Amino acid sequence: MNKIKEIIRKEWSEVFKNKIVFVAVAFLPLLFTAIPLFILNGIERSGDMGGAFGETSGIPSDFAAVCSGLSGLDCAQFFIVSQFIMLFLMLPVIIPVTIASYSIVGEKTTRTLEPLLATPITTIELIAGKALAAVIPALVATWGAFLIFSGGSYLITHSSAISEILLSPMWLMAIFLLGPLLSTAAVCAAMMVSSRVNDPRMAEQLSALVIIPIVVLFMGQSFGMIQITQTVIIWFTLILMCIDAALLYFATRLFERETILTRWK
Amino acid sequence: MTEMIQTMNLSKSFGKNTAVENLSIEIEAGQVFGLLGPNGAGKTTTIRMLSSLIAPTSGEARVAGFRVGENDTLIRQNIGILTESPGLYDRLTAERNLHFYAGLYEIDNVSAQVEKYLRMLGLWERRKEEVAGFSKGMRQKVAMARALLHEPKILFLDEPTSGLDPEAARVVREFIGELRQEGRTILITTHNLNEAERLCDRVAVLNTRLLAIDTPANLRQQLYGRSVVFHLQQAQDGFAQTLAEFPFVHSSEMVDNKLVVGLDDPESNNPALVRALVENGAQIQFVGELRHSLEDIYLRLVENQDEEQQAAGGQEQAN
């Protein structure tokens with residue numbers, strides 16, 4: 001465990017000196033928090049959008065059911081806020097990929113991998129340390145952004161319905177369970193790429209592809225093709241648990257010390 | 001004496017290319033052992049195999065009593081390695097680099113060990129600086145400190161003075177000398193044959209396979225025998241012939257004003273040669289032993305191998 005902590009500390013002291021990475025970790029959560037708050041504020045100020053939702057026609061049936069008893073404005077805000085769940089699931093995928101994609105290939109390019117592998121560290125400790133070094137900042141940033149968003153939403157809307165939805169099991173499961181699982185999956189995929197390529201730019205470009213499924217879901221949700229419900233979140237969580245286990249296994253298996261050392265020139 | 005490193009028919013191939021073939025060496029505790037060979041001879045591959053970084057294709061190796069491939073983590077705990085490139089984290093300070101590695105070796109007294117080696121290598125005052133700003137010599141020193149933090153019994157130094165300026169190379173060489181006095185077993189690869197001669201108790205010449213292994217003095221003896229040079233005031237054709245008639249003389253050759261004589265036991269036989277030359281009218285200015293450098297030995301071994309390979313190739317074509 002001490003070796004894992006050492007790897008994490010080293011990664012952070014190195015990674016956060018890189019301004020691009022620092023901006024990615026700090027700026028993106030702020031942006032993803034500001035956008036929904038700005039939209040909510042716009043709805044609150046316009047006020048008349050509630051009319052469109054007053055009749056509850058043209059909105060998904062799930063919302064129509066929930067909206068019963070809510071004012072048109074509350075329902076509109078409720079619907080909009082629900083759309084943002086995917087934004088908070090994108091953060092734990094985008095942020096760690098920036099760090100993880102460089103983690104192994106970076107050691108190759110700076111020729112620090114050989115002395116590192118010559119220490120008594122095991123492959124699992126190395127992978128775990130590097131993965132956690134990428135996942136932890138992503139989760140801290142995501143959870144921080146969620147906290148700001150929750151507080152900001154309440155301050156803007158003063159609606160208990162919005163607070164209820166943000167503290168509902170669906171949101172909490174998405175943020176605190178699905179988020180870490182997505183982050184782990186993204187990091188494992190990025191590290192597999194990072195250990196197989198010899199060019200950091202290629203590692204970043206290939207690793208960025210892991211964001212595609214989340215973007216597709218976001219688009220699907222935005223166009224009403226997919227409805228994110230508690231059941232969907234539970235299913236995603238279960239599926240991702242299996243995917244994460246498989247990815248962790250393959251990330252460790254694909255990290256062949258000899259191949260990585262001898263193929264790198 | 002205890003063997004700290006043993007290899008038995010150790011081989012490594014990468015696809016169709018053989019990097020190391022049937023290498024068998026034994027290195028005793030406290031010995032400084034030099035691995036010499038041209039580029040691509042398999043020196044770094046050998047160090048990587050012995051450090052459990054890569055697996056041998058065949059054969060066996062034991063390091064610090066542990067078998068390579070079976071006790072790799074234990075081997076890594078007992079060795080220190082200076083890789084061909086220092087491999088330091090540029091954005092971290094010298095001290096932070098060492099603290100990180102000390103943590104991986106799970107050293108108890110991290111700060112004390114880091115301070116000990118930074119002071120020993122003259123880097124204590126610059127410990128808070130990022131290594132990105134260090135010269136190559138300073139980086140090499142930090143890498144040396146890293147290899148020693150956990151006080152390993154065995155050290156692998158892969159071309160430790162390569163690319164360093166003469167002053168930095170001298171500091172590193174002196175430091176290796178100090179480590180030798182501490183009784184550590186050191187395997188060093190180098191292109192600098194003078195350095196190998198000064199530092200190493202034994203050397204092995206490797207060019208994929210082992211060409212020779214012994215002390216530099218014994219290798220010299222095996223390849224060249226012992227030779228004496230007579231510096232004469234004036235050369236005469238008959239001198240070489242006169243000395244060639246002695247039964248203990250193997251060769252006798254005039255080169256300008258110098259008579260180079262290969263012989264057994266020069267301490268006993270030199271007086272007879274001097275007498276014979278003087279009786280034949282030679283005026284001797286100096287007499288000295290001809291010492292072939294390790295470079296001569298190395299080049300001769302490598303050239304011999306090239307000739308053997310060419311001959312074998314020619315034989316195969318003829319068949």
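**Exercise 1. Is Ala64(B) buried, partly exposed or exposed?**

Solution. The structure is a predicted model, in which local features need pLDDT of at least 70, side-chain atom pairs count only at pLDDT 80 or more, and totals for chains, interfaces and linings use all residues. Residues are numbered from 1 along each chain as its sequence is written, chains are lettered from A and ligands numbered from 1 in the order in which they are written, and side-chain values use heavy atoms, with hydrogens and water left out.

Step 1. Buried means under 20% relative accessible area, exposed means over 50%, and partly exposed lies in between (1.4 Å probe, protein chains only).

Step 2. Ala64(B) has a relative accessible area of 16%, so Ala64(B) is buried.

Step 3. Ala64(B) is placed in the loop between β4 (58–63) and β5 (66–67) of chain B. Strands (E, at least two residues) and helices (H or I, at least four residues) are DSSP runs, numbered from the N terminus.

Step 4. Most residues other than glycine have a negative phi. Ala64(B), however, has a positive phi, near 55°.

**Exercise 2. Determine where Asp256(B) lies and whether it is buried or exposed.**

Solution. Step 1. The loop between β12 (249–255) and β13 (258–263) of chain B holds Asp256(B).

Step 1. Asp256(B) is not a glycine, yet its phi is positive, about 55°.

Step 2. The relative accessible area of Asp256(B) is 67%, so this residue is exposed.

**Exercise 3. State how α6(A) and α8(A) are oriented to each other.**

Solution. Step 1. Two packed helices are described by the angle between their axes and the distance between the axes. Axes are lines fitted to C-alpha atoms, for helices over the stretch in contact, and angles run from 0 to 180 degrees between N-to-C directions.

Step 1. In chain A, the axes of helix α6 (residues 85–109) and helix α8 (residues 123–157) come within 8 Å and cross at roughly 155°.

Step 2. Angles under 35 degrees count as roughly parallel, over 145 as roughly antiparallel, 65 to 115 as roughly perpendicular and the rest as oblique. The helices α6(A) and α8(A) are therefore roughly antiparallel.

Step 3. The crossing of α6(A) and α8(A) is right-handed, a term used if the near helix is turned clockwise from the far one by less than a right angle.

**Exercise 4. Which residue forms a salt bridge with Arg170(B), and which with Arg173(B)?**

Solution. Step 1. A salt bridge is a side-chain nitrogen of Lys or Arg within 4 Å of a carboxyl oxygen of Asp or Glu. Over all chains, 27 salt bridges are counted.

Step 1. Arg170(B) pairs with Glu174(B), their closest N and O atoms being 2.6 Å apart. Both lie in helix α6 (residues 166–181) of chain B, four residues apart, so about one helical turn separates them. Glu174(B) is partly exposed at 43%, and Arg170(B) is partly exposed at 35%.

Step 2. Arg173(B) meets Glu195(B) in a salt bridge of 3.1 Å, N to O. Because Glu195(B) lies in helix α7 (residues 193–199) of chain B and Arg173(B) in helix α6 of chain B, the pair ties together parts that are 22 residues apart in sequence. Glu195(B) is buried, with a relative accessible area of 0%, and Arg173(B) is buried at 14%.

Step 3. In chain A, salt bridges that share partners join Lys10(A), Glu11(A), Glu14(A), Glu107(A) and Lys130(A) into one network.

**Exercise 5. Locate the salt bridge between Arg119(B) and Glu115(B).**

Solution. Step 1. The two side chains meet at 2.8 Å, N to O.

Step 1. Helix α4 (residues 110–120) of chain B contains both Arg119(B) and Glu115(B), four residues apart, about one turn of the helix.

Step 2. Arg119(B) is partly exposed at 45% relative accessible area, and Glu115(B) is partly exposed at 29%.
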